[in-house]
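Here is a short report for a first look at this structure. Please keep the sequence and the 3D view at hand while reading.

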Amino acid sequence: MSAADPTAAGEWRVLHGWGRTAPSRARVVRPRTAAEVAQALSAAPSDRGAIARGAGRSYGDPAQNAGGTVIDTTSLRGVHELDARCGLVSVGAGTTLAELLRYLLPHDLTLSVLPGTRHVTVAGAIAADVHGKNHLRDGSFVRHVASLTLCTPTGEVLEVSHEHEPELLLATAGGMGLTGVITRVTLRTCALRTPWVAADIDRTADLEQALALMDGQRNHRYAIAWVDLCGRDGAWGRAVVTRCDDLPAEGSASSGPPPGTPRPRHTPHDPRSSQLAAKPLLSIPAGMPGWMLRPASVRAFNAWHWRSAPQRERGRLLDMRAHLFPLDAVGSWNRLYGAAGLMQYQFVVPHGQVRTLRTAAEHLRRQRLPVYLATIKRFGEASGGPLSFPLPGWTLAMDIPADAPGLHAALDELDELVAQAGGRVYLAKDVRLRPQTLAAMYPQLARFQELRARVDPRGAMRSDMARRLGLCAKDTVSAKGTP
């Protein structure tokens, strides 16, 4: 490597996930090309390995590598090619969804699957096989991946698709970066007539009513239930259920906005065309003290949020940004939790196990653990990836302060409850799962290991998560990392 090669030296940095827990120190390199990615992989010490990192939006530790190499892929960004007629777009793996949306919207295109934030990279969305509020209908992210370029630790550069190396594609989707480094991706886009949706909104007095409404939703594209799990007495479990559809084409029948409601239009020259990629309304500064976010303040906000929702409304116009990415309106919102950070515990259970959601929530309530944010969604068919999170059923996500007393023990008990119900936790959100629990939750783990061994026989792809879960063939690095 030349002295000017950004992979030659790198910079030792302390890294953490979006939850700001479990920091570790690694040598970070920033390749500018796919060839430099291959060089970075070959230069990584064999006993410490390497892992890719994008925008750092995983809550836990999958994009950290204590004492080893972390390959920052954010220089591999930009749109390479758009075939608007076929709806295909080819981008660098480090491109964020916000950047891609900003490019696609003037062409009246968007992505079929968008997670709860636009600030993940395309490669990160694949590594976590992210899902949106429309999983029941549109599946997870990998369903809409036409192909990707994967650089493996053996020096191979593989073109992977649903037709060529489909098993490797599915192992990479949800594989948390352990099959290699993605450098380029081609995605299938979908048409966007307007950046607005028609929403049916119901305010419920308890969790049971919310679950019944979610269970009955078959015809809406997007659906989510916000649930108050921080309230006291009769306020606990109240919810706001929002089910949405894209606005129909002009002139078609609609059960949405009432007659005479002005229809927002979207054109390449309309400033609203950038709604889905708009900047946050405000940002939380560094050093925000954790005491500013406490159960009392959360209960007050939840009471306001619940009362401000309509008891029952049909066809309300919502801009897609507010519906799909509500937390993106506040930049660096994770700082509200203070230096200790937060844990998001998200799990899924199969159809027929919906009672597990209530049992899990009540368990945390009995332990007096503060759940500051909770949402429920339904999932459709699984992608087929051995470590992909979604399976047909129900998912509950809960944000909890990481320093809450008794949190780890309580979540260990929830792990057992979820595993016994045939469910699993989301690895992109996890920072504390145990190896034996992983095997119980992901029955195709051995299949993943076999596929990974084919492209990485030396086990060079390493991460803090992989070590913690026993996914590394060799493990000689301390938990905090050494230069």
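## Overall picture

Of the 483 residues of the chain, 57% count as buried; buried means under 20% relative accessible area, exposed over 50%, and partly exposed in between, with a 1.4 Å probe and protein chains only. This is a predicted model: local features need pLDDT of at least 70, side-chain atom pairs count only at pLDDT 80 or more, and totals for chains, interfaces and linings use all residues. Residues are numbered from 1 along each chain as its sequence is written, and side-chain values use heavy atoms, with hydrogens and water left out.

The chain has 13 helices and 20 strands. Both are DSSP runs numbered from the N terminus: helices are H or I with at least four residues, strands are E with at least two. The chain exposes about 19,400 Å², by the Shrake-Rupley method with a 1.4 Å probe. Carbon and sulfur atoms supply 53% of that area.

## Contacts and cores

Contact means heavy atoms within 4.5 Å. Among contacts in the chain with a separation of 6 or more, 73% join residues 24 or more positions apart.

A nonpolar core is a set of buried Ala, Val, Leu, Ile, Met, Phe, Trp, Tyr and Cys residues joined through side-chain atoms within 4.5 Å. The largest one holds 123 residues, and F347 and M398 touch the most other members. Leaving out residues up to four places away in sequence, the residues that F347 touches include L357, F389, W394, M398 and V425. A second, separate core has nine residues, among them W18, L293, V298 and Y372.

## A four-stranded sheet

Four strands form an open sheet with mixed pairing, in the order β1-β2-β4-β3. Two strands pair if DSSP finds at least two bridges between them. The edge strands, β1 (11-15) and β3 (50-53), each pair on one side only. On average, neighbouring strands of this sheet are turned by 40° against each other, direction ignored.

β1 pairs with β2 (residues 24-29) in the antiparallel sense, over five bridges. R13 stands opposite A26 in β2.

H135 lies in helix α4 (residues 135-138). Why does H135 count as buried? Because its relative accessibility is 1%. Beyond its neighbours within four places in sequence, H135 is in contact with S140, R378, F379, G380, E381 and P390.

C190 counts as buried at 17% relative accessibility. C230 is buried too, with a relative accessible area of 7%. A search of the whole structure finds zero disulfides, a disulfide being a pair of cysteine sulfur atoms within 2.5 Å.

Notes:
Axes fitted to C-alpha atoms, helices over the stretch in contact; angles between N-to-C directions.
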